[in-house]
Amino acid sequence: MLNLVLFGPPGAGKGTQSEKLIGKYGLVHISTGDVFRALNPDSDLAKLAKSYSDKGNLVPDEITIEILENEVAKHPDAKGVIYDGFPRTNTQAEALDKFLSSKGSGITMMVALDVNEGELKTRLLSRAKVSGRADDADPDIIQTRIDNYNKQTAPVADFYKSQGKLRLIDGIGSIDEIFNRICTAIDKG
Ligand code: ADP
């Protein structure tokens, strides 16, 4: 199995690159952000998740881990999975390792997209025009998301680095240039 964690700050291009990677490698794409946004908006779970995400904060680990495990269970025959936007805390990373190893599986590598803060803000504000996402439209909320990423999520890279699985990719350039960099890293193993 090829199990990839696609990692990087909000606006780094994880969703865009995931779309291309699933085609090339035949993977299932699981984005926890997409899963939260696809919940029935009238459900308690959707309202709870939205109460965090609309402010730019992370949804609590316990809820997110359960959502993720349910989503993985929907694809028992997957050749591999791209985890996009998960894990976002060390607790989530540990839970994912435990969950996958209980299935005799594991993460192959973490592909981490490196993009500077100025570029992230430009990309998110321009995405807001088409995404309709409340968390993309407000510069203060974008800043909160970036700050939370630096504080809570960036340390997850060290978790995979210590396992020799971290591959750092320059996330500035054209979509195809970045895609080629990622493919080179994946194919090298
Ligand atoms: P982006 O990467 O552009 O910030 P996502 O679509 O991945 O956006 O996530 C949107 C929101 O969903 C996050 O700001 C957060 O509130 C919530 N979310 C997504 N994934 C997780 C996660 N793994 N842990 C906690 N909250 C999450």
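In the predicted model, an N or O atom in the side chain of Thr 32 is placed 2.8 Å from a nitrogen atom of the ligand.

The shell around the ligand is formed by 18 residues, with Thr 32, Arg 37, Asn 57, Gly 85 and Arg 127 being the closest. By residue class, this shell comprises 7 polar, 6 charged and 5 nonpolar members. Helix H2, spanning residues 32–38, supplies 4 residues to the shell, which is the largest share.

A further feature of the model concerns the packing of two helices, an arrangement that is described by the angle between the axes and the distance between them. Helix H6, which covers residues 117–131, packs against helix H8, which covers residues 139–153, at an angle of about 135°, and the two axes are 11 Å apart. Because angles over 145 degrees are required for a roughly antiparallel assignment, H6 and H8 are classed as oblique to each other. The crossing of H6 and H8 is right-handed.

Note on methods: Residues are numbered from 1 along each chain as its sequence is written. This is a predicted model: local features need pLDDT of at least 70, side-chain atom pairs count only at pLDDT 80 or more; totals for chains, interfaces and linings use all residues. Side-chain values use heavy atoms; hydrogens and water are left out. A residue is near a molecule or strand if one of its heavy atoms lies within 4 Å of it. A polar contact is a pair of N or O atoms within 3.5 Å; within protein, one must be able to donate a hydrogen and the other to accept it, and residues adjacent in sequence count only if both atoms are side-chain atoms. Helices (H or I, at least four residues) and strands (E, at least two) are DSSP runs, numbered from the N terminus. Ala, Val, Leu, Ile, Met, Phe, Trp, Tyr, Cys and Pro count as nonpolar, Asp, Glu, Lys and Arg as charged, and the others, Gly among them, as polar. Axes are lines fitted to C-alpha atoms, for helices over the stretch in contact, and angles run from 0 to 180 degrees between N-to-C directions. Angles under 35 degrees count as roughly parallel, over 145 as roughly antiparallel, 65 to 115 as roughly perpendicular and the rest as oblique. A crossing is left-handed if the near helix is turned anticlockwise from the far one by less than a right angle, and right-handed if clockwise.
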